[in-house]
Amino acid sequence: MVYNAAAVPIAAGILYPAFGRSLDPGVVLAVMSLSSVSVTVNALRLRRLKL
């Protein structure tokens, strides 16, 4: 959740005034999708955990 909260402003261009560059929307889309996949995979892994 912290990662996504930080990534959205960066994707929106908050770093543009400081560095003069912004992220490509395709790269941001891929990273956000991988974040969702990693959360889902981790949840499935924890579901199989027997305590």
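Analyst: The model is a predicted one. Its chain holds three helices and zero strands, and from the N terminus on the order of elements reads α-α-α.

The contact to examine is that of helix H1, residues 2–12, with helix H3, residues 25–47. Two packed helices are described by the angle between their axes and the distance between the axes. Here the axes of H1 and H3 come within 11 Å and cross at roughly 170°. Angles over 145 degrees count as roughly antiparallel, and therefore H1 is roughly antiparallel to H3.

Which residues form this contact? On the side of H1 they are Tyr3, Asn4, Ala7, Val8 and Ala11. These meet Val28, Val31, Met32 and Ser35 in H3.

Along the principal axes, its C-alpha atoms fill a box of roughly 50 × 20 × 10 Å. The radius of gyration is 15 Å, whereas a compact globule of 51 residues would have one near 10 Å. Of the 51 residues, 6% count as buried. The chain exposes about 4600 Å² of surface, and carbon and sulfur atoms supply 70% of that area.

Definitions and conventions
Residues are numbered from 1 along each chain as its sequence is written. This is a predicted model: local features need pLDDT of at least 70, side-chain atom pairs count only at pLDDT 80 or more; totals for chains, interfaces and linings use all residues. Side-chain values use heavy atoms; hydrogens and water are left out. Axes are lines fitted to C-alpha atoms, for helices over the stretch in contact, and angles run from 0 to 180 degrees between N-to-C directions. Helices (H or I, at least four residues) and strands (E, at least two) are DSSP runs, numbered from the N terminus. Angles under 35 degrees count as roughly parallel, over 145 as roughly antiparallel, 65 to 115 as roughly perpendicular and the rest as oblique. Contact means heavy atoms within 4.5 Å. The radius of gyration is taken over C-alpha atoms; the globule rule is 2.2 Å times the number of residues to the power 0.38. Buried means under 20% relative accessible area, exposed over 50%, partly exposed in between (1.4 Å probe, protein chains only). Accessible areas come from the Shrake-Rupley method with a 1.4 Å probe; for residues, only the protein chains shown count as cover.
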